[in-house]
Amino acid sequence: MKKKPRRAVLPLIAVHRESARPLHRQIYDSFRAMILERRLQPGQQIPSSRTLAEELGISRIPVLSAYGQLLAEGYVESRAGAGTFITASLPDEFVSAAAPLAESQASRPMVTEDEPWFRGSGAFSVGQLAYDHFPFRAWSDLVTRHARRVRTSSMNYSDAMGLKAFREVIADYLRTARAVQCEASQIMIVNGSQHALSLSAHVLLERESAVWIEEPGYEFLRAALTLSGCRMIPVPVDSEGLDVTAGIALGANARAAYVTPSHQYPLGVTMSAARRLQLLEWAQKSGAWIVEDDYDSEYRYESMPIASLQGLDRGSRVIYIGTFSKTLFPSLRLGYMVIPAGLVDRFAAVRKATDLCPPHLYQAALADFMHEGHFARHIRKTRLLYAGRRSALVEALRNEFGGEIEILGAAAGMHLVVTLPPGFSDREIALRAAEEGLRLWPLSTSYAGAEVRQGFILGFGSTKAEEMAAQVRRLRLAIHGVGGHQKRSFRSFGRV
Ligand SMILES: Cc1ncc(COP(=O)(O)O)c(C=O)c1O
């Protein structure tokens with residue numbers, strides 16, 4: 001007997017009227033991502049355009065247009081009198097175009113979705129800072145001063161590595177505050193860490209190069225690596241950071257390892273000294289590179305900042321990356337890398353091929369901002385501020401959830417993680433919570449492999465300490481509001 005097609009379950013699609021992307025494109029993108037990730041299976045029926053339009057509260061026109069596009073591109077097929085179905089045998093190129101990755105990653109999306117946790121600035125949104133505490137006066141005075149002081153040299157193409165004065169002040173800062181071994185000649189100014197991650201992939205990797213990434217890890221790193229066509233090997237993270245022994249077992253000959261040793265993203269673990277040495281020894285012996293993403297190490301609350309991994313490296317195997325996105329503000333798009341002396345020319349050549357050189361104005365303003373002590377003062381001030389916000393969040397979570405939830409990684413940075421028991425869908429809760437203005441980043445999105453933990457990455461940078469208790473109450477309601485079944489099991493779960 002012929003197998004009956006599965007009924008059309010309403011897929012989880014969020015459309016945002018205020019988004020710059022047209023509705024039909026949002027619907028098309030959502031379906032395409034779900035098909036490529038195999039969340040919608042070949043042969044599965046999708047809802048009629050009328051049903052989906054009603055469910056989304058929009059007209060049928062954008063739905064018909066999205067369906068038409070999916071049909072034209074072969075993602076779906078229509079069967080007369082029966083409905084529309086995911087194409088039974090999707091050509092391989094569809095899957096490989098989205099994920100030229102290790103098998104375990106074929107099920108994970110690239111960072112292309114317009115999900116609510118990527119946008120907006122509601123409570124708990126990750127990457128949001130206390131912008132109202134930024135020293136606007138000092139900053140705008142410096143930017144204005146440099147904007148007025150235009151010289152030929154500041155208008156012309158400049159060094160691919162960045163402005164000399166800026167690189168010098170950064171080298172001083174890194175040697176002192178992060179125990180990084182460096183000269184200004186090794187510093188390259190980049191457009192934020194993301195640019196550095198992507199440049200490092202260009203320089204260090206080839207198609208099919210094996211690369212260790214942390215599991216769970218930073219989604220945007222996976223996006224950058226995907227473009228290089230390398231083969232990512234997700235290596236588990238435990239209470240000491242990346243499990244180097246597991247990495248060696250999974251791929252001893254990997255070309256590079258990408259790590260966040262100061263404050264693992266997202267779990268918040270600090271890599272132990274033993275693991276740091278083991279990782280460096282592996283890299284030294286096998287000729288691999290380590291890329292250290294030191295994205296938020298300025299903020300540590302229970303101890304002194306942890307020295308960089310690069311500072312321990314005796315063999316020049318570490319490429320160190322830092323950013324002003326956490327200490328100042330992300331739209332500045334300024335970061336830096338410290339490149340082993342022997343690789344500087346290769347990085348400079350790739351940089352020239354990419355965008356020639358960084359823009360002048362903000363480099364010059366920030367060099368003075370650092371020279372004049374504003375940067376150090378701002379970090380001292382905000383460290384206390386974020387410490388207060390973090391304590392308020394931890395206390396509110398304990399008051400509201402008691403022993404029901406596990407809190408991870410609260411010792412540093414501007415986010416922590418809470419985990420949910422099996423049976424909960426963090427994505428589903430996050431989508432609904434977004435409608436209430438809560439920006440919950442699902443922990444499951446940080447996993448490249450099939451085995452994921454459900455939970456949330458909660459940013460606390462932009463929420464005032466005195467508002468934390470009320471926001472955590474909203475969080476509890478958001479979690480409990482997702483159906484009776486989840487409510488019951490939530491009450492009964494213990495520490496994970
Ligand atoms: C692991 C990690 N790396 C880097 C960054 C900063 O990225 P960028 O400097 O490109 O803004 C973040 C920001 O959230 C991050 O979580």
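Reader: Is Arg-351 buried or exposed, and what is its relative accessible area?

Author: Arg-351 is buried, with a relative accessible area of 0%, where buried means under 20% relative accessible area, exposed means over 50%, and partly exposed lies in between, with a 1.4 Å probe and protein chains only. This is a predicted model, in which local features need pLDDT of at least 70 and side-chain atom pairs count only at pLDDT 80 or more, while totals for chains, interfaces and linings use all residues. Residues are numbered from 1 along each chain as its sequence is written, and side-chain values use heavy atoms, with hydrogens and water left out.

Reader: Which residue meets the side chain of Arg-351 in a salt bridge?

Author: Side chains of opposite charge can pair when their charged atoms come close. Here the partner is Asp-355, at 2.5 Å from N to O, a salt bridge being a side-chain nitrogen of Lys or Arg within 4 Å of a carboxyl oxygen of Asp or Glu. Asp-355 counts as partly exposed, at 28% relative accessibility.

Reader: Where do Asp-355 and Arg-351 lie?

Author: An α-helix has 3.6 residues a turn, so residues three or four places apart point the same way. Both Asp-355 and Arg-351 belong to helix H12 (residues 344-355), 4 residues apart, about one turn of the helix; helices (H or I, at least four residues) and strands (E, at least two) are DSSP runs, numbered from the N terminus.

Reader: How many salt bridges does a search of the whole structure find, and which distant parts of the chain does the pair of Arg-390 and Glu-302 link?

Author: The search finds 21 salt bridges. In one of them, the side chains of Arg-390 and Glu-302 meet at 2.8 Å, N to O, and this pair links helix H14 (residues 374-401), which holds Arg-390, to the loop between strand E9 (289-293) and strand E10 (318-323), which holds Glu-302, 88 residues apart. Arg-390 is buried, at 11% relative accessible area, whereas Glu-302 is exposed, at 58%.

Reader: Are Glu-404 and Arg-476 buried or exposed?

Author: Both are buried, and Glu-404 forms a salt bridge with Arg-476 whose closest N and O atoms are 3.2 Å apart. Glu-404 sits in the loop between H14 and strand E12 (406-408), and Arg-476 in helix H16 (residues 468-480), 72 residues apart.

Reader: Why is helix H15 described as largely enclosed by the rest of the structure?

Author: Helix H15 (residues 426-435) is largely enclosed because 7 of its 10 residues are buried, among them Asp-426, Arg-427 and Leu-431. H15 is followed by Gly-437, whose phi is positive, near 85°.
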